[in-house]
Amino acid sequence: MKEIFTILVSAILVDNFVLSKFLGCCPFLGVSKKMDSALGMSGAVIFVMGLASAATWPIQTYLLTPLKLDYMGTIVFILIIAALVQLVETIMKKYLPALHRALGIYLPLITTNCAVLGVTLLNIESQYTFIQAVVNGIGAGIGFMVALVLFAGVRRKLESCDIPKSFQGLPITLVAASLVSLSFMGFAGLAENMFK
Amino acid sequence: MKKQGKLQYLTNGLLKENPVLRLVLGTCPTLAVTTLAVNGIGMGLSATVVLICSNLVISLLRNFIPKQVRIPAYITIIAGFVTIVQLFIKAFFPDIDSALGIFLPLIVVNCIILGRAEMFASKHGPIESVLDGVGMGLGFTVVLFIMASIREIIGSGTWMGIVLTADAITPMGILKMAPGGFFVFGCLMALANWLSDRKRGKPAVSTAGCAGGCAGCAGCAQHAEGADAEAPQNDHPHVEKGEDK
């Protein structure tokens with residue numbers, strides 16, 4: 001239990017996927033312009049990351065490793081993620097139309113979100129158990145949401161600033177991201193020392 | 001798009017439509033692996049090889065892949081080549097493999113490669129596509145190399161493993177960490193904007209290119225916001241300039 005909590009906290013704060021591992025930067029820069037879209041996108045990401053972790057772990061453990069097909073991992077995982085995203089979208093459209101309207105346009109984009117493939121590969125690399133893998137997936141998703149929502153607030157402030165011409169648009173956004181990421185470095189060591 | 005010589009497909013990716021600084025694709029590996037100049041080159045060249053191969057195969061198969069399933073088909077082709085490159089690097093350059101770590105398999109979801117497949121290779125013949133792949137790949141590599149050099153020289157006082165200033169000046173370690181990556185990338189992009197502003201005589205991107213450029217700038221994620229039908233005002237200054245002409 002302690003271990004799981006440590007994984008969760010470190011995935012959300014200490015090793016934040018976007019701000020310290022640089023996974024999922026494209027949607028981070030792209031969708032953080034408005035609070036609504038930031039929430040929608042990260043909601044979809046949490047959902048898919050948890051599911052993808054749960055789906056890829058058994059396949060790696062019971063299929064690829066016994067058959068010595070480890071090197072096919074990347075291809076298999078990306079196909080699983082693509083299929084999963086499609087499946088989730090179809091099911092959601094049928095049974096949860098309200099949620100589908102809210103998350104709909106973000107779902108297809110998740111296939112190419114490197115954070116999702118990244119978390120499944122990291123789960124295998126870190127040799128997590130099934131529960132740890134799922135917790136890590138959900139934690140990474142929540143971390144993505146924290147980063148996105150915080151940064152949407154920062155960008156709103158940026159809009160009213162007088163920015164030098166060359167820095168307008170993405171450059172100043174990246175510099176602001178650098179500051180947000182700097183503040184997240186303050187969480188370093190939090191997870192290890194939490195239970196002392 | 002205007003009629004272009006074959007050579008222009010090649011130079012397009014290097015300057016006018018540089019994938020990282022102009023189209024803003026593939027930001028994740030750009031930020032993550034550029035702590036050492038060697039890693040920048042390794043990542044850039046791996047992505048280039050994958051890009052050339054996938055562009056070639058996709059443009060050859062472009063008439064056979066049904067439109068509805070094209071994205072999964074492209075991803076499968078790309079993932080195949082990524083696995084080949086990954087095994088090759090594991091076998092011959094184990095140092096680079098451990099330095100790039102998870103970002104080597106993540107070339108699969110690098111938006112540059114899928115972006116070029118969708119925007120270019122699916123509409124052009126094999127020769128043009130290969131040239132485009134070479135140009136885009138080299139443009140990516142050059143930017144990675146420059147950025148990694150800046151971060152390595154200031155962040156650890158070395159360059160390509162050669163000690164430069166590390167003994168005389170204490171290196172600013174922060175540049176090797178995550179915040180430094182965002183910061184240097186932001187500054188480089190501002191520099192690119194400034195340089196293209198000064199060359200106003202030549203429009204940075206042809207008007208037809210703008211459409212592609214915008215789709216590219218929108219990157220893997222901004223399509224979502226495109227649905228809001230709100231053109232980002234400040235994100236793409238070069239686009240507005242192109243239209244002024």
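Select Glu118(B) to begin. At 24% relative accessibility, Glu118(B) counts as partly exposed, because that value falls between the 20% limit for buried and the 50% limit for exposed. Keep in mind throughout that this is a predicted model.

Show both side chains: Arg70(B) and Glu118(B) meet in a salt bridge, 2.8 Å from N to O. Colour by helix next. Arg70(B) sits in helix H4 of chain B and Glu118(B) in helix H6 of chain B, so the pair ties together parts that are 48 residues apart in sequence.

Stay on chain B and select Arg116(B) with Asp132(B). Their side chains form a salt bridge at 3.1 Å, N to O. Arg116(B) lies in helix H6 of chain B, and Asp132(B) lies in helix H7 (residues 126-156) of chain B, so this pair links parts that are 16 residues apart in sequence. Are these two residues buried or exposed? Both Arg116(B) and Asp132(B) are buried.

**Chain B as a whole**

Hide the side chains and show chain B as a cartoon. Its secondary structure comes to 11 helices and 2 strands. Follow the elements from the N terminus: the order is α-α-α-α-α-α-α-β-β-α-α-α-α. Of the 245 residues in chain B, 54% are buried. Look at contacts within the chain between residues at least 6 apart in sequence: 75% of them join residues at least 24 apart. The accessible surface of chain B comes to about 10,800 Å², with 68% of it on carbon and sulfur atoms.

The unreviewed UniProt entry annotates "transmembrane region" at residues 44-61, 73-93, 99-117, 129-154 and 174-195 of chain B. Pick residues 44-61 of chain B: this span is 94% helix and 0% strand, and its end C-alpha atoms are 25 Å apart. Then pick residues 174-195 of chain B. Here the chain is 82% helix and 0% strand, with the end C-alpha atoms 27 Å apart.

**Where chain B meets chain A**

Show both chains. In this interface, 49 residues of chain B are in contact with 45 residues of chain A. The size of an interface is often given as the accessible area lost when the parts come together. Chain B and chain A bury about 4,100 Å² between them, 74% of it on carbon and sulfur atoms. Between the two chains there are 0 salt bridges. The count of residue pairs in polar contact between them is 2.

Which elements of chain B give two or more residues to the side that touches chain A? Select helix H2 (27-33), helix H4 (70-92), helix H6 (111-121), helix H8 (178-198) and helix H10 (223-226) of chain B. H8(B) gives the largest share of that side, 12 residues.

**Over to chain A**

For chain A, UniProt (unreviewed entry) lists "transmembrane region" at residues 6-31, 38-59, 71-91, 103-124, 130-151 and 172-191. Select residues 71-91 of chain A: the span is 90% helix and 0% strand, and its end C-alpha atoms are 31 Å apart. Now take residues 130-151 of chain A. That span is 100% helix and 0% strand, with its end C-alpha atoms 32 Å apart.

Finish at Glu159(A), in helix H8 (residues 130-159) of chain A. At 60% relative accessibility, Glu159(A) counts as exposed. Draw a distance to Gly169(A), 10 residues away along the chain: the C-alpha atoms of Glu159(A) and Gly169(A) are separated by 9.4 Å.

Key. Residues numbered from 1 in each chain as written. Chains lettered and ligands numbered in written order. Predicted model: local features only at pLDDT ≥ 70, side-chain atom pairs only at ≥ 80, totals over all residues. Heavy atoms only, no water. UniProt positions renumbered as here; feature names shortened; annotations may be inferred. Helix = DSSP H or I, 4+ residues; strand = E, 2+ residues; numbered from the N terminus. Buried < 20%, exposed > 50% of the residue type's maximum accessible area, 1.4 Å probe, protein only. Contact = heavy atoms within 4.5 Å. Areas by Shrake-Rupley, 256 points an atom, 1.4 Å probe, with all protein chains shown as cover. Buried area = accessible area lost by both parts, 1.4 Å probe. Salt bridge = Lys/Arg side-chain N within 4 Å of Asp/Glu carboxyl O. Polar contact = N/O pair within 3.5 Å; in protein donor to acceptor, adjacent residues only side chain to side chain.
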